[in-house]
Amino acid sequence: MLNEPLDRGYHYGVIARALALIETEGDLGLDDLAARLSMSPAHFQRVFSRWVGVSPKRYRQYLTLDLAKRLLAERHTLLDTAAETGLSGAGRLHDLFLRWEAMSPGEYARAGEGLAVRYGWFDSPFGAALAMGTDRGLCGIAFAEDCGRDHAFADLAGRWPRASFAEAPETIAPWVTAAFEQKGEAALHMIGAPFQIKVWEALLKIPSGQVTTYSDIASRIGNPRAVRAVGTAVGRNPVSWLIPCHRALRKSGGLGGYHWGLPVKRAMLAWEAARADAESATAR
C-alpha cells in the first residue's frame, strides 16, 4: 500500500489541513482527525506517514510549545562546523542539489529593472505556495496560509518593483517540484543587498532537521554585533524553505519571527525534525 500512487494536489491539501488542525487542536486523536478530513483512519495515517515520515501522533509531539528549546538543545548547528563538512549551497541536502547565483549589487540597486520574473501557485506540504523565478533560477517562494494570496504576491513582487511579471508556472515547475519533493535540482537566483546575501548564504549551510541562532549567523558572516541586522535580513529572505530562514532561532530558545506566519515556521521545523528522526531510526 505504501507504493500507491499519489494525487499531488489532493494529498498536499490533506496534509496542509491536517497540519493546521494539529497546530490549532493538538489533542485530536487519529479517529477524530481522520473524520475531520473525511477519510478513514487507516487511509489518513498511511497518507500522512508517507509525507511526514512519522505517524500523526508522533508528529504532534514535535509541535509542542517547547519545540524551539528542544531543537536548540539537541540539534544546534554551529555554522563553522557545518561549513567544514561541506554543507553549502553547492552541496546535497538529502537528495536535493542546490545551485545558486546572486544578483550583482548594481543589478539589485536597479530594483529589478529589465528583469523578467515568471510566477505560479503550487501545492506544498505547508499550504499554497507562490513561486517566482527568472531564467537563472527561483527568486521567491512565499506561503499564503497565514497572510492570503493577494498579500503574498504583493509582498514578493514589491521587492523588485521595476521587474516585469508574467504568470507561467510551467517554466519554473521543475525547480519547485525539486524543492518540495526534496529530490532533483533546484536553481536559485538570490536577489538582495550584499549583506542580505551573506546572511542567506549562511542559512544555506544549516542542515535539514537542525537549527542555529541569529547570533551564530552574525558571527559566521564576520559581524558578531549585527544580530538585529541579521534578524532583519533573515526576515527579508525571499526564497523561503530553500533558503531555510525557518531554521534560525533566538538564542533564548524562542522561535523568533517568521515572515509567512509562526504556525508555518513551527510546522516546518517539526516536519524536518520528525523526518530526521525517522531517517535516523531507519538507518540504525
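1. Is F165 buried, partly exposed or exposed? F165 has a relative accessible area of 28%, so it counts as partly exposed (buried means under 20% relative accessible area, exposed over 50%, partly exposed in between, with a 1.4 Å probe and protein chains only).

2. A word on the basis: this is a predicted model, in which local features need pLDDT of at least 70 and side-chain atom pairs count only at pLDDT 80 or more, while totals for chains, interfaces and linings use all residues. Residues are numbered from 1 along each chain as its sequence is written, and side-chain values use heavy atoms, with hydrogens and water left out.

3. Searching the whole structure gives 9 aromatic pairs. Rings of Phe, Tyr and Trp (its six-membered ring) pair if their centres lie within 6.5 Å; planes under 30 degrees apart are stacked, over 60 edge-to-face and the rest tilted. One of the pairs is Y119 with F153, edge-to-face at 4.9 Å centre to centre and 65 degrees between the planes.

4. Where do Y119 and F153 lie? Y119 is in strand β3 (residues 116-122) and F153 in helix α8 (residues 149-157), so their pair ties together parts 34 residues apart in sequence. Helices (H or I, at least four residues) and strands (E, at least two) are DSSP runs, numbered from the N terminus. Y119 is buried at 15% relative accessible area, whereas F153 is partly exposed at 26%.

5. F153 also pairs with F165: the ring centres are 6.3 Å apart and the planes at 65 degrees, so this pair is edge-to-face. It links distant parts of the chain, with F153 in helix α8 and F165 in strand β6 (residues 164-167), 12 residues apart.

6. Elsewhere, ring pairs join F126, F143, F180, W241 and W271 into a cluster.

7. Now to the histidine. H189, in strand β7 (residues 183-190), is buried, with 0% relative accessibility. Its side chain makes polar contacts with the side chains of T134 at 2.8 Å and R136 at 3.4 Å. A polar contact is a pair of N or O atoms within 3.5 Å; within protein, one must be able to donate a hydrogen and the other to accept it, and residues adjacent in sequence count only if both atoms are side-chain atoms.
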